[in-house]
Amino acid sequence: MNKDFQAILQSVKEKKFTPVYLIDGEEVYYTDILTKCFEEQILTESERDFNLLVLYGKDVSSVDVINTCHRLPMFAPKQVVIIKDAAQMKDLKELAAYVEHANPSTILLIEHRFKKVDGKLKLVKLVKDKGYYFTAEKIKEEDIPGWIERYGTSIGFHVAMPEAQLLAGYLGDDLQKIVNEIDKVRINVPEEKQLTSKMIQTYIGINREYNLFEFPVMLTTKNKDKLYKMLTHFVDNPKAAPMPLIVGAMYAHLNTVYQAQALGNNEKELMSVLRLYKDRLRDTVIAARNLPSPKIEMCFDILADYSAKIVGVNSTADDRALLKELVAKMELTIGA
């Protein structure tokens, strides 16, 4: 999870406030959580009645905001003023005058969703100096699986890389949607500590027959019929499994197999160290027997080559052609 994001949440928890917070950027998942935090966590329920003031950018001017911020709290040490959709304020930059002489008994949150505020504005410079400025950057597609892993860890629900890649491939980059789906699974299996492919299939509805993380398993366990069936599906439906995610899924699976070889055949140790559930452990052990380490290392080199090709380095082929090439080379390397 984003460190600056966590820092704001921690400061609110510890009641260590600055007079002004400016939150901008494309990733509204963070914006929504922080806004809700300011609405619910700073004031008690009774204090909110008189001291929580939510304004909307399209309806207010800088003068309205400044007058509101300069009022004194009622029956509480602080008041919280939130400007939602501040990007719609016509004179947002004029709030610099307030930030320069902010009311110490007011906590002002300026929520500027979907895009960044012009960094050249005096407002931004003053907030950085006297308050807290946070930009919620949109996460890159290739970083989504890692984000999912970290989110799982943060809630005590382990999500291994293959499952994280599967969710990313099918749910896209909508972080709130991803969180909702993972939370839905947890509600249905509250005692479980790890998200499995069976849970994903049962509670999220992703078809196991064509899911992303099964693809490299078919390759390393030499299940050719299933491999070619999945290859045909992914070539015909490129959005179901974008090439960066396929390459990532293959690398993650082969890396797990590589580690399994180093650990030996003790299934209890493999399950403990690699945190694999039963079905995944079986597939990993089969692949470890099929593939000597030098072949896995050769596969890593192939994946590195295609990681470059899919972004246009030394290749002008489209993703469909690259996928066919990749699978052919991996098959040739792994052998019959």
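Mentor: What follows starts at the cavity, then moves to the salt bridges and a surface patch.

The model is predicted. Two cavities of 30 Å³ or more are counted. Three helices each supply at least two of the lining residues: α11 (214-220), α12 (224-236) and α17 (319-334). By class, the lining has four nonpolar, one polar and three charged residues.

Which partner is buried and which is partly exposed? Glu331 is buried because its relative accessible area is 19%, and buried means under 20%. Lys224 is partly exposed, with a relative accessible area of 36%.

Now compare the second largest cavity. Its volume is about 30 Å³. Pro162, Gln165, Phe213, Pro216, Val217, Ala249, His253 and Arg280 line it. Helix α11 contributes here too, with at least two lining residues, as do α8 (161-171) and α13 (243-263). This lining divides into five nonpolar, two polar and one charged residue.

Back to salt bridges. The count for the model is 11. One of them joins Glu27 to Lys138, the closest N and O atoms being 3.6 Å apart. Glu27 lies in the loop between β1 (20-25) and α2 (28-40), and Lys138 in the loop between β5 (132-135) and α7 (144-154), so the pair ties together parts 111 residues apart in sequence. Glu27 is buried at 3% relative accessible area, whereas Lys138 is partly exposed at 35%.

Another salt bridge joins Asp32 and Arg113, with the closest N and O atoms 2.4 Å apart. Asp32 sits in helix α2 and Arg113 in strand β4 (residues 106-113), so parts 81 residues apart in sequence are tied together. Asp32 is partly exposed at 34%; Arg113 is buried at 16%. Both belong to a network of salt bridges that also includes Asp85 and Glu111.

Last, the surface. Phe50, Met74 and Phe75 make a nonpolar patch of about 350 Å². Met74 is in the loop between α4 (62-70) and β3 (79-84). Its relative accessible area is 34%, so Met74 is partly exposed.

How values were computed: Residues numbered from 1 in each chain as written. Predicted model: local features only at pLDDT ≥ 70, side-chain atom pairs only at ≥ 80, totals over all residues. Heavy atoms only, no water. Patch = residues over 30% accessible without salt bridge, like charges linked within 9 Å, V, L, I, M, F, W, Y side chains within 5 Å. Areas by Shrake-Rupley, 256 points an atom, 1.4 Å probe, with all protein chains shown as cover. Salt bridge = Lys/Arg side-chain N within 4 Å of Asp/Glu carboxyl O. Helix = DSSP H or I, 4+ residues; strand = E, 2+ residues; numbered from the N terminus. Buried < 20%, exposed > 50% of the residue type's maximum accessible area, 1.4 Å probe, protein only. 1 Å grid on protein atoms, 1.4 Å probe; cavity = no way out; pocket = protein on both sides within 12 Å on 5 of 7 lines; lining within 4 Å. Points joined across faces, edges and corners; volume = space filled by probe spheres on them. Nonpolar A, V, L, I, M, F, W, Y, C, P; charged D, E, K, R; others polar.
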